[in-house]
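User: Here is a two-chain model. Let's work through it by question and answer.

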Amino acid sequence: MAVTIRFFAGLKEQLGVERREVDAAVIKTVSDAWRAVVAHEELPDNILIALNLEYATADRAVRDGDEVAFFPPVTGG
Amino acid sequence: MKVRIVEDSFDPWTVLAEYEAEHSAAGGNIGATATFVGTMRDFNEGVAVNSMTLEYYPGMTEKHLQQIGAAIAQLHSLVDWLIVHRVGRMQPGEPIVLVAAWSAHRVEAFAACREIMEDLKAHAPFWKKEQLTDGERWVEHNTPG
């Protein structure tokens, strides 16, 4: 099994990554999920995080099968 | 169904009429209906905008809107509520969002409609990308309500 890591909107374009499946053994927290894909840059303060389709913080624990998403400030409506 | 994400242009007034007909929202316990319709402008931050693409997070966006709609509806004792939001490529003048709140009295309908809209603008996972005459740009933040 794996952790699914997703990126949206401008962040997706900037990183050139939309979705990545990563071995759950190397990911304990949301921060680990970011580092597993974006090794060259710390998680920016303005980037929003979702864990299993709900807003979350970077210190939240991640389990096998979870989906973590990173995205810029929202601009709907 | 309280939350709808639509990929094609929609007429908010037709949607409202159909919703009321289907859900008996125009029943005798309704004293007030407040609606908000947001449409796409042909300018933003001083620049002409030719078209716009709205991205969302399928699954999370609907879940978030359902949660805030239900919470605000309970807070204001709404009889019913509806959120419709467009995604994909759209043109100036086309509706982006419809929020409707039905209640016994106007104070609850007005308040709930505004609160749903403000939460949607601040937290619902949607992202706008504008197509300009000389390229594209992501909208970085929403204007204050």
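**Sheets, helices and contact**

User: Over how many bridges do S2(B) and strand S7 of chain B pair?

Analyst: This is a predicted model: local features need pLDDT of at least 70, side-chain atom pairs count only at pLDDT 80 or more, and totals for chains, interfaces and linings use all residues. Residues are numbered from 1 along each chain as its sequence is written, while chains are lettered from A and ligands numbered from 1 in the order written. Strands (E, at least two residues) and helices (H or I, at least four) are DSSP runs numbered from the N terminus, and two strands pair if DSSP finds at least two bridges between them. S2(B) and strand S7 (residues 95-103) of chain B pair in the antiparallel sense, and the count is eight bridges.

User: Which residue in S7(B) is the bridge partner of B:Ala32?

Analyst: Strands of a sheet pair through backbone hydrogen bonds, either parallel or antiparallel. S2(B) and S7(B) pair in the antiparallel sense. The partner of B:Ala32 in S7(B) is B:Ser103.

User: Which strands are at the edges of the four-stranded sheet of chain B?

Analyst: The sheet is open and mixed, in the order S1-S5-S7-S2. An edge strand here pairs on one side only. That picks out strand S1 (3-6) and strand S2 (32-39) of chain B.

User: What angle does helix H3 of chain B make with S7(B)?

Analyst: Axes are lines fitted to C-alpha atoms, for helices over the stretch in contact, and angles run from 0 to 180 degrees between N-to-C directions. Two residues are in contact if their C-beta atoms, placed from the backbone, lie within 7 Å. Helix H3 (residues 106-123) packs on the sheet, touching S2, strand S5 (80-86) and S7 of chain B. Its direction and that of S7(B) make about 145 degrees.

User: What is the radius of gyration of chain B, and why does it agree with a compact globule?

Analyst: The radius is taken over C-alpha atoms, and the globule rule is 2.2 Å times the number of residues to the power 0.38. The C-alpha atoms fill a box of roughly 55 × 30 × 25 Å along the principal axes. For 145 residues the rule gives a value near 15 Å, which agrees with chain B at 16 Å.

User: What share of the residues in chain B is buried?

Analyst: A residue is buried if 20 or more other C-beta atoms, placed from the backbone, lie within 10 Å of its own, exposed if 12 or fewer, and partly exposed in between. Chain B holds three helices and nine strands. Of its 145 residues, the buried share is 37%.

User: Why do strands S2 and S4 of chain A each have one side without a neighbour in the sheet?

Analyst: Five strands form an open, mixed sheet in the order S2-S1-S5-S3-S4 (chain A). Strand S2 (19-23) and strand S4 (54-55) stand at the edges, so each has a single partner strand.

User: Which residue in S5(A) is the bridge partner of A:Leu51?

Analyst: Strand S3 (residues 48-51) of chain A and S5(A) pair in the antiparallel sense over four bridges. In S5(A), A:Leu48 has A:Phe71 as its bridge partner. For A:Leu51 the partner is A:Val68.

User: Which residue takes a positive phi in the hairpin of S3(A) and S4(A)?

Analyst: S3(A) and S4(A) pair in the antiparallel sense over two bridges. A:Ala50 stands opposite A:Tyr55 in S4(A). The hairpin has two residues between the strands, and the phi near 50 degrees belongs to A:Asn52.

User: Is A:Arg6 buried or partly exposed?

Analyst: A:Arg6 is found in strand S1 of chain A. Beyond four places in sequence, A:Arg6 touches A:Glu18, A:Arg19, A:Glu67 and A:Ala69. With 19 other C-beta atoms within 10 Å, A:Arg6 is partly exposed.

User: How many residues does chain B give to the contact?

Analyst: Chain A gives 13 residues. Helix H1 (9-15) and strand S5 (67-71) of chain A each give two or more. From chain B come 23 residues.
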